[in-house]
Amino acid sequence: MKIIFVVIVTALILLLITYINHQIHLKGESKLLLPLGQMVEVDGHNMSIYIEGTGDTTLVFMSGGGTCSPILDFKSLYSLLSDKYRIAVVEKFGYGFSDVVDKGRDIDSILEDTRTALAAAGLNAPYVLCPHSMSGLEALYWAQKYPNEVSAIIGLDMAVPEYYDSMNINIALMHIGSWAANVGVTRFIPAISDSDAIKYGTLSDDEKEIYRAVFYSRTGTVTMINEAEQVKENAKKVSSMGVPQLPILFFISDGSGGTGFDKETWRKISIKYISQVDEGEYIELNCPHYIHDYEYKTISKSIVAFLLDRQPHER
């Protein structure tokens, strides 16, 4: 019993030291957490949106689940496009510089938040949606529900509903990860804060430091967990509304880097979906899931070519 007591007390002391260390670092990192874009009010809370470029066509970049800093995550790609298009990156609640909000994350709520943020920032439809991973559901639903607001979809290894039929989403593990992040345990895991954007993208040293600071304050937020809890139902709703018919380009990865699928299955599901789109095309890339941090040059050139070829079809 004495040994157990000593172990428990020691563990509690270590956790307390870890938490205090985390809070000290958070205070020091606060100077790095000045919004990179503008803050707009959505449903009584602050949402971050970044705008760059002045083109007639607006590309809206939409992050995948758990991507803590969307503005910086997409930067390597959109910086190659902002000389031709207006770029908008919407950081959903719980992400980046947006407020962490404990609210329902059904597909309608997520979509209306995004639409409200864009309107509050002075941007008008139609948009070209550029979703990564889980945001593919939101993009497809947007095209289904408001077809006149979406002129095309550029899928950055985006998810389609069928993926969620067999995807294992471990909510309990997400809660453990969230607890570890809030206590500060993640600070003792080497390089865990170094995302693909940091390791393979074109971020400056200052931007990398900002990304790391955002990581430690926006990992496993309650909003992200609420999204994960709702995603299978969201996928079913999107699936029930059929496949939208508009210009769609899929960039498809090799499935590594966090999808949970092998290469053959990951690609098969996306190709099956895009084959049902009359103006659908796909490009396979030999890189992990965060394709925009690896093949940003190839992707940017292909986006320009795809949109130029379909300008007459834009609504």
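Let me start with the surface: Met1, Ile4, Ile8, Leu12, Leu15 and Trp179 make a nonpolar patch of about 670 Å². A patch is built from residues with over 30% relative accessible area and no salt bridge; nonpolar side chains (Val, Leu, Ile, Met, Phe, Trp, Tyr) are joined within 5 Å, and like charges within 9 Å. The areas come from the Shrake-Rupley method with a 1.4 Å probe, and for residues only the protein chains shown count as cover.

The model is predicted, so local features need pLDDT of at least 70 and side-chain atom pairs count only at pLDDT 80 or more, while totals for chains, interfaces and linings use all residues. Residues are numbered from 1 along each chain as its sequence is written, and side-chain values use heavy atoms, with hydrogens and water left out.

Back to the patch. Helix 1, residues 2–29, gives the most to it, with 4 residues. Helices (H or I, at least four residues) and strands (E, at least two) are DSSP runs, numbered from the N terminus. Leu15 lies in helix 1. Leu15 is partly exposed, with a relative accessible area of 30%. For these words, buried means under 20% relative accessible area, exposed means over 50%, and partly exposed is in between, with a 1.4 Å probe and protein chains only.

Next, strand 5, residues 127–131. How many of its residues are buried? The count is 5 of 5, so strand 5 is mostly covered. On one side sit Tyr127, Leu129 and Pro131, on the other Val128 and Cys130, and all are buried. In a regular strand the side chains alternate between the two faces of the sheet.

Strand 5 has partners. It pairs with strand 3 (residues 58–62) in the parallel sense over 5 bridges, and Thr58 stands opposite Tyr127. Strand 5 also pairs with strand 6 in the parallel sense, over 3 bridges, with Val128 opposite Ala152. Two strands count as paired if DSSP finds at least two bridges between them.

Strand 5, helix 5 and strand 6 make a right-handed β-α-β unit. Right-handed means that, with the strands pointing away from the viewer, the path from the first strand over the helix to the second runs clockwise. Another right-handed unit of this kind is made by strand 7, helix 11 (residues 263–274) and strand 8. Strand 7 (residues 248–252) and strand 8 (residues 280–284) pair in the parallel sense over 5 bridges, and Phe251 has Ile283 as its bridge partner.

Last, the charges. The structure holds 17 salt bridges, each a side-chain nitrogen of Lys or Arg within 4 Å of a carboxyl oxygen of Asp or Glu.

Which residue forms a salt bridge with Glu149? The partner is Arg115, with the closest N and O atoms 2.7 Å apart. This pair links distant parts of the chain: Glu149 is in the loop between helix 5 and strand 6, Arg115 is in helix 4, and they are 34 residues apart. Glu149 is buried, at 18% relative accessible area, whereas Arg115 counts as partly exposed at 23%. Both belong to a network of salt bridges that also links Asp108, Glu112, Lys145 and Lys237.

Glu227 forms a salt bridge with Lys92, the closest N and O atoms being 2.9 Å apart. Both residues of that pair, Glu227 and Lys92, are buried.

Arg212 and Glu209 form a salt bridge too, at 2.7 Å between the closest N and O atoms. They are separated by about one helical turn, because they are 3 residues apart in helix 9.
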